[in-house]
Amino acid sequence: MTGSVFTHTALLYATAAEYLDATVTYVRAAREEDRPVLVAVPGADLERIRAGVGGGDDDGVTWWDAEATSRNPGRIIPALLDYCARHAGRRPALLGQPMWVGRTGAERAAVAVHEALVNRAFVGVDATALCPYDTAGLHSSDVAAARRTHPSLAGIAGLAASADYAPDSALAERNAPLVAPAAATAMPYDAIGALRWLRRAVGERAVAMGLSEDRAADLEFVVTELATNTLRHSGGSGVLHLWADGDALVCQVSDGGFLHDPLTGRIPVEPTAERGRGLLLTHQMCDLVEVFTGPAGTVIRVRMGR
Amino acid sequence: MKAHAATAADLAPGDHVCWRFGDDDSHREALAGFIDGGRRDNYKIVHYRADLDEPDVPGFGRFVSTPVDVTRPFDADAWIAMLVEVVEQARAEGFAGVRFAGEMAWSRGHLADERLIAYERQINAFYAQTGAIGLCLYDTRRFEPGVLAEIGRVHPDTATADGDGDAPLARLAVTGAPLGVRLTGEFDASNGGCLEPVLADLVPHANGHPLVVDVAALRFADLTAVTALLRAARTVPGGLRILGAEPTLERIVRLCGPAPVVFA
C-alpha cells in the first residue's frame, strides 16, 4: 500500500505518444501492486491503452467507454464511488477522461463541475484518479479549468502540485443562471394534480420530436421527479419549460428551492431510501443535467437526445 | 377524474375514489350516478350516512343507507372486518359485489385527521382484495384543504368538478393465483400512498413464493411507487416477480440498486 489518501491528478499531455505512455504506465504500475484498475476513456483511446497494456485477459482491469458511461458528467461520481466501494481496501486506480474534443459548451462546463466535486466526494476514499487533458486539442479554458480542479498535475516534467488549484471558485463560477429561450413552452404548476399534465406534455412532445418511446418515458419520469421535488421540498410552485435544441428535447424546472449540497444527486444511496434518489436517477437517465441554485431559487435543466 | 354522474356510475371493481364536492347538487348527482351504476351491474349499494337526521336517499331493494355509529370509538380493523362481511353476504345474496358510498363528514368531530388518513390508507387493501367499489364523499366545506390533499394521496384518484378523465388515474387489483397485484394507470405523488398498504397486506400471505406484480397496464410509476415495490421485494422471502414491465420501469428498478426482483 502506498498510502490512504485520495489523489486527484490531471494528466496534461500534448501528443498521442505522451498520452499512451503515461496512461499505460499508470495502469501497469497499479497492476504490479495488484490494485484494481478502472479505465473510463473514449472508445478509440480505450483500445489503444488496452493494446499498450497488453498481457491478454486481465480481470483486474475494468474498461468503460467514456463516451457512453461519462456522456453526462454528472453520472461519473456515483459510478466511481460504487466501483471504489466494491474494491475497498485495495486502493483502486481510476483512469477517467471526462473531457474530449467535440464536447459542447454546456458539457464542458459540466465536466469542470464534475472535476471540482470529485475533490469533495472522494474525501476519505482510498484511491487514486488520473484524468487526461489534451493541451493541444482542447480549449485552453478547459485546460485552465483542469488546473483549478485538480490538486496535482502530471506531465512530461513529472508530478507537481497545481498552483492554480481552487475548486470552489471553479464551481461557483459555473453556478450561472439558466434562462429558457423565449420560444420555450412554459407550464407553471403548483399542485400535485398537475404532475400528470406535465409529464404527458413532455412525453407527447418527445415522441413528436422523434425521440424513442423509451427515452420519452425516461424523460416523463425525470420531469415528474423534478416537479415533485418542487412541490414537496421547495414549498411552493414551479415552472416547467420545454424546447427543442437540435434533435434533443430540453426540459427545465425552476422553483424557489435551494440545493444546499452541491453533491446532491451524485452520492449513491440505499435502494429503498425515501430521499436523494430523484436527482441521482436524473443524472443516470439524461444526456446532460445542469443546475443553477442559490437562496433565491433553483433551476435544473435536463437534455434528452434521440 | 372528472366528478360527474357518469364517472361515478362507471367505477370498476376495486376502485377507491376520493370524491370531492362543494355543493349539495353535485353531491346528489354523484350519489345518483353511483347508484345507477350499481343497479346496472347488479351491485348492492351500501350508503354510510353522516348523521341520523340526514334525509334518506330514495331507496330500493338493493340499496341500504345506514348512519355511522359515532357514539362508540372508531376501530378501523373492526370496521373493515365488518365491510368484508357485508361483501360476503351480498355475494351470497346473488349480487355481483358491493358499492360503498361513504359520507366522510361522519368523521368530523369523531376521528382525528391523522387517523382518518391512516384509515383511508389502510382500506386500499380491502378494495384491491374484494373488488368492492368505494366512493368516499368529501364535502370540501367540511375539510381543511391540507387534510384533503393528504387524503387524496392515499386514494388511487381524486374526482373533482374540474378533473380530467373518465376513469381513476390508477387501479389496483389483488390477484389470487399466483398471489400478487395488478397495477393499472399512473402512480405519482397525487395518489402513490395507496400502493404500499396493498403490498404490505399481501406480504404475510406469500408463503415463500414471489409476489407477482402485473404491470402490463401500468403507464407510469414515480420513484415513490418504485420504492414501495422495492420495500415489498425486501420483505417477501421470495422477492418480487414483475410481469410486463416497460424498459423504463426495469431501468429505474435496476438503477435503484440490487433488489430481489425478477422481470418476466
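Predicted model: local features only at pLDDT ≥ 70, side-chain atom pairs only at ≥ 80, totals over all residues.
Local features are given only at pLDDT of at least 70 and side-chain atom pairs only at pLDDT 80 or more, while totals for chains, interfaces and linings use all residues; side-chain values use heavy atoms, with hydrogens and water left out. Residues are numbered from 1 along each chain as its sequence is written, and chains are lettered from A in the order in which they are written.

**View 1. The interface of chain A and chain B.**
In this view, 26 residues of chain A are in contact with 27 residues of chain B (contact means heavy atoms within 4.5 Å). The two chains bury about 2,500 Å² between them, and 52% of that area is on carbon and sulfur atoms. Buried area here is the accessible area (1.4 Å probe) that two parts lose on being put together, summed over both. On the side of chain A, Ile192(A), Arg196(A) and Thr272(A) lose the most area to chain B, together 23% of what that side buries.

Eight salt bridges are found across the interface of chain A and chain B; a salt bridge is a side-chain nitrogen of Lys or Arg within 4 Å of a carboxyl oxygen of Asp or Glu. Twelve residue pairs, both members at pLDDT 80 or more, are in polar contact across the interface. A polar contact is a pair of N or O atoms within 3.5 Å; within protein, one must be able to donate a hydrogen and the other to accept it, and residues adjacent in sequence count only if both atoms are side-chain atoms. Helix H8 (195-208), helix H9 (213-233) and helix H10 (278-285) of chain A each supply at least two residues of the side that touches chain B. Helices (H or I, at least four residues) and strands (E, at least two) are DSSP runs, numbered from the N terminus. The largest share of this side of chain A, nine residues, comes from H9(A).

**View 2. Salt bridges between the chains.**
Asp218(A) and Arg251(B) form a salt bridge, with their closest N and O atoms 2.8 Å apart. Glu186(B) and Arg199(A) form another salt bridge, with a closest N to O distance of 2.7 Å. Glu186(B) lies in strand S8 (residues 180-187) of chain B and Arg199(A) in helix H8 of chain A, so this pair joins two chains. Both Glu186(B) and Arg199(A) are buried (buried means under 20% relative accessible area, exposed over 50%, partly exposed in between, with a 1.4 Å probe and protein chains only).

**View 4**
Arg254(B) and Glu250(B) form a salt bridge, the closest N and O atoms being 3.0 Å apart. The two residues lie four residues apart in helix H9 (residues 247-255) of chain B, about one turn of the helix. Arg254(B) is exposed, at 53% relative accessible area, whereas Glu250(B) is partly exposed, at 26%.

The largest nonpolar core has 69 residues, and Leu240(A) and Leu183(B) have the most contacts inside it. A nonpolar core is a set of buried Ala, Val, Leu, Ile, Met, Phe, Trp, Tyr and Cys residues joined through side-chain atoms within 4.5 Å. Not counting residues up to four places away in sequence, Leu183(B) touches residues including Leu172(B), Leu195(B), Val213(B) and Leu229(B). In helix H7 (residues 195-202) of chain B, the buried residues are Leu195(B), Pro197(B), Val198(B), Leu199(B) and Leu202(B). Among the elements that cover these buried residues are helix H4 (113-122), strand S9 (211-221) and helix H8 (223-235) of chain B.

**View 3. Backbone geometry in three loops.**
Most residues other than glycine have a negative phi, and most peptide bonds are trans. The peptide bond from Ala177(B) to Pro178(B) is cis, with omega near 0°, and Pro178(B) is placed in the loop between S7 and S8 of chain B. Arg91(A), which is not a glycine, has a positive phi of about 45°. Arg91(A) is in the loop between helix H4 (76-86) and strand S4 (93-96) of chain A and is buried, with a relative accessible area of 5%. Asn42(B) has a positive phi near 60°; this residue is found in the loop between helix H2 (24-40) and strand S2 (43-49) of chain B. At 31% relative accessibility, Asn42(B) is partly exposed.
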